[in-house]
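Please look over the model below alongside these notes. They are brief and follow the order of the points.

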Amino acid sequence: MKPLNPVVAACPPSGIRRFFDIAASMDDVISLGVGEPDYVTPWRVREAGIAALEEGLTTYTSNAGLLELREAICADLEQRYQVRYQPDGECLITSGVSEGLDLALRVLLEPGDEVLVPDPCYVAYGPCVSFAGGTPVYVATSSADGFRLHADAIAAAVTPRTKAILIGSPANPTGAVQSREDLAALTDVAVRHDLYLISDEIYERLCYDGPHTCLASLPGARERTVLLGGFSKAHAMTGWRVGFLCAPAPVAELAGRIHQYTMLCASHVSQAAAVEALKGGEGDVRLMVADYDRRRRVFVKGLREIGLDCPEPGGAFYAFPSVAATGLSSQEFAERLLLAEHVAVVPGDVFGPSGAGHVRCCYATAMTQLEEALTRMDRFIRGL
Amino acid sequence: MQEIIDILMHDGRATPERIAVMTGLDAEAVREQIASLERDGIIRRYKAVVDLERLREATGAEVVTALIDVSVSPERGAGFDGVAARIAQFPEVRSVQLVSGGQDLRCTVTGSSMHEVGDFVARKLATIDRVTATATHFVMKTYKDDGELLIEGPGDHRLVMAP
């Protein structure tokens with residue numbers, strides 16, 4: 001047989017598979033290893049999905065997605081962030097941010113182009129850059145300053161091949177929220193070196209210590225930014241697979257061209273449900289966000305009390321404590337904790353080398369479970 | 001203030017220390033606010049939300065609940081308040097509310113049997129001066145009570161680990 005695509009073949013398999021298999025064999029696991037809300041999609045949205053099925057909305061939509069949904073998204077972005085996109089021509093409904101990210105990279109990259117990516121970052125960033133023919137170049141960030149993105153570190157990594165900077169704020173896995181000033185400085189770097197910005201803002205509603213900064217809203221950013229967002233996290237709609245890509249017309253148009261041939265359109269039922277999420281779901285979002293914030297405060301304090309140093313996670317629903325004090329690597333910590341106490345966390349090094357020595361804990365889990373997890377983790381650490 | 005109430009309405013056992021951590025407020029400040037809420041009668045008491053059907057299955061303890069619509073001819077000066085206050089005095093009566101619609105007061109009455117509740121309505125409630133009619137609706141099944149879903153909700157379908 002002829003060889004398979006070497007780029008894909010070179011992509012390492014998921015670093016959490018091993019843990020998944022162990023955890024799946026236990027029946028009393030408390031999983032802090034998830035990456036989605038513990039809420040089921042709020043009923044009003046599920047009900048809208050059911051109504052869409054009953055109405056027979058089972059067809060394709062236009063390639064760009066339901067105009068009503070694009071209009072609602074653009075109105076929402078304008079209202080909350082004063083950033084304007086044309087629903088027709090600058091907004092595309094995607095199958096989640098995952099598809100939007102893939103589209104953005106495929107539109108922007110030529111073979112060999114480099115993309116600057118923070119380390120640690122969401123596991124898909126690097127592979128998606130590679131699959132699109134580019135090369136991810138990781139820029140280390142540190143727990144010492146809460147995983148801030150330093151413009152000078154980004155600038156120092158720029159080469160003549162650099163095409164874009166890909167960031168996520170609030171971030172998976174760290175929960176870090178980049179300040180407006182740091183994002184402005186990052187934008188300056190992009191302007192100075194004529195780079196595109198890809199901004200994964202899937203966690204934008206989950207900001208606890210202040211308002212989210214939409215990257216495209218910063219002076220000079222919009223014309224070079226691809227804004228990715230969606231419904232999965234804020235509206236607890238991970239399984240619906242619906243998100244959006246907003247970008248200046250030339251970029252959005254080409255993204256739409258790939259989308260029309262590869263995805264055709266996002267799920268019609270999911271788009272109809274997303275319309276309801278935007279138009280009627282604000283109360284549900286506020287309740288869920290308030291609840292995550294309370295769990296965040298309890299959980300982060302608890303981690304610190306059992307001796308794990310934890311940078312303040314200002315957003316998303318992850319804490320990313322250091323396990324250095326235990327003398328264990330993140331892989332050892334995660335595996336031994338799972339085997340000994342049946343608590344699943346994700347070792348930080350799967351998100352990049354700078355994640356080593358940390359574990360990612362998702363606190364989107366019932367408060368009683370979080371407390372029990374802390375009790376078990378404490379017992380585990382004291383038993384080392 | 002509202003956030004403390006939100007937390008306590010969901011979990012009456014949340015301690016001031018816990019609420020302080022959840023909200024980022026000082027524990028002493030939370031304690032004072034709760035004390036003032038209690039003093040002002042805004043927080044009346046703390047209780048458990050019980051699934052009576054499960055309780056019956058577990059212990060055989062029967063609790064019969066009825067919603068009773070009461071028609072009242074209002075008093076000059078006091079309206080419905082006098083009659084409502086009389087009805088509210090009975091320990092069998094769990095709630096009394098003035099409502100819009102065809103009837104005037106809606107009451108929740110509990111007892112250990114339908115006979116007991118029916119007897120209470122006939123002998124105590126319907127005989128109150130100015131009560132002109134009653135309509136008793138026995139509760140057959142409770143699906144949701146006090147914001148708590150008592151039917152099986154969807155389980156946790158999440159994968160144990162995901163990036």
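Predicted model: local features only at pLDDT ≥ 70, side-chain atom pairs only at ≥ 80, totals over all residues.

1. Residues are numbered from 1 along each chain as its sequence is written, with chains lettered from A and ligands numbered from 1 in the order in which they are written.

2. Chain B has six helices and six strands. These are DSSP runs, numbered from the N terminus (helices: H or I, at least four residues; strands: E, at least two). From the N terminus the order is α-α-α-α-β-α-β-β-α-β-β-β.

3. The C-alpha trace of chain B spans about 65 × 40 × 30 Å along its principal axes. Its radius of gyration is 21 Å, while a compact globule of 163 residues would have one near 15 Å. The radius is taken over C-alpha atoms, and the globule rule is 2.2 Å times the number of residues to the power 0.38.

4. In chain B, 15% of the 163 residues are buried (20 or more other C-beta atoms within 10 Å of the residue's own, C-beta atoms being placed from the backbone).

5. Helix 12 (residues 330-341) and helix 13 (residues 367-382) of chain A pack at about 110°, axes 10 Å apart. Axes are lines fitted to C-alpha atoms over the stretch in contact, and angles run from 0 to 180 degrees between N-to-C directions.

Technical notes
Buried ≥ 20, exposed ≤ 12 C-beta atoms within 10 Å, placed from the backbone.
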